[in-house]
Amino acid sequence: MTASITLIGDNLAQYQPSFQAWLTTQALDATHTVLSNQQDTFDVWRYDLSTPIEDGKYDSLRLALLALADDTKIDHILQTSQPLLSEPGLAVFDMDSTLIKAEVMDELAVEMGIGEQISAVTASAMRGEIDFTQSFVQRLSLLNGLSSDVMDSVYQRIQPMDGIAVLMKVLNHFGWKTAILSGGFTYFAERVQQDYDFTEVHANVLEIESGTLTGKHLGPIVDAKRKQLLLKELSEKYEVPFAQTIACGDGANDLLMLNDAALGVALHAKPIVRQQAPCPLSHTGLNGILYLLGLSSDEITTIVG
């Protein structure tokens with residue numbers, strides 16, 4: 001495909017002359033297609049560029065579009081590749097603050113009465129300020145003695161991310177393989193898997209003895225490098241070329257897989273991730289990924305009913 005820029009936001013018809021003028025200053029020619037419909041609460045316009053992006057210009061163009069997004073509060077998403085839904089594919093997702101509107105470690109810490117203490121460390125790790133693995137071990141150790149009985153009620157109060165049901169219905173409709181690659185815990189990831197029909201789960205295993213968390217984990221920690229490796233292993237397992245892969249996450253520990261996938265979507269991401277990930281998406285939920293795959297709102301509605 002040629003490169004494209006997808007705008008997602010409010011009142012795009014009013015913004016269109018300004019954006020068209022910006023394209024002209026960049027010596028870029030494009031035709032646009034409206035992907036949203038009148039029932040949507042936001043607008044989605046896709047600009048397909050007929051002008052090739054010169055070698056070395058991609059990064060500067062992406063950063064210029066990110067600056068426009070920050071100024072206008074409209075997503076400006078540059079793509080140089082687009083997986084085809086009609087072909088076999090693989091989509092992998094972070095869980096905490098990506099598939100669900102919570103950080104599970106923080107929620108468990110609330111049950112221990114140390115929620116604020118843990119959430120501050122979690123936020124720092126997700127911003128890339130401290131090492132994820134070290135902070136994970138440190139935070140988990142503070143949960144020593146917590147009853148495992150609280151985990152069901154914790155899951156019940158966690159809200160799913162907007163658009164997750166629509167996205168998963170469409171991906172499953174096309175027979176795509178899907179996986180949760182989470183720095184959180186298998187108990188919660190497997191619940192999400194069951195609720196939304198993911199193919200498989202890779203997450204951290206809590207050590208539980210006599211119904212109590214020990215503050216330790218079993219097996220390897222699912223950190224940034226492991227997520228990157230799992231993306232590669234799963235693409236080989238399912239014989240899916242990297243051109244047919246999607247990765248989605250929000251934290252610094254997702255950056256490696258986001259930059260490896262053909263479509264790397266940073267959803268409501270931390271500042272460092274917005275700066276470094278290929279496709280920062282902030283104006284919609286997970287359903288926004290479907291527009292980056294070229295679907296219109298009418299086509300999405302036809303599939304999900």
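Asp162 is partly exposed, its relative accessible area being 45% (buried means under 20%, exposed over 50%, partly exposed in between, with a 1.4 Å probe and protein chains only). This residue belongs to a predicted model, in which local features need pLDDT of at least 70, side-chain atom pairs count only at pLDDT 80 or more, and totals for chains, interfaces and linings use all residues. Residues are numbered from 1 along each chain as its sequence is written, and side-chain values use heavy atoms, with hydrogens and water left out.

Asp162 forms a salt bridge with Lys101, with 3.0 Å between the closest N and O atoms; the term denotes a side-chain nitrogen of Lys or Arg within 4 Å of a carboxyl oxygen of Asp or Glu. The two residues lie 61 apart and link distant parts of the chain: Lys101 sits in the loop between strand S5 (90-93) and helix H3 (104-112), Asp162 in the loop between helix H6 (150-157) and helix H7 (164-173). Helices (H or I, at least four residues) and strands (E, at least two) are DSSP runs, numbered from the N terminus. Lys101 is partly exposed, at 38% relative accessibility.

A salt bridge also joins Arg157 and Glu111, whose closest N and O atoms are 2.7 Å apart. This pair connects helix H6, which holds Arg157, to helix H3, which holds Glu111, across 46 residues.

In total, 12 salt bridges are counted. The chain contains 13 helices and 11 strands, and 53% of its 305 residues are buried. Of the contacts (heavy atoms within 4.5 Å) between residues at least 6 apart in sequence, 67% join residues at least 24 apart.
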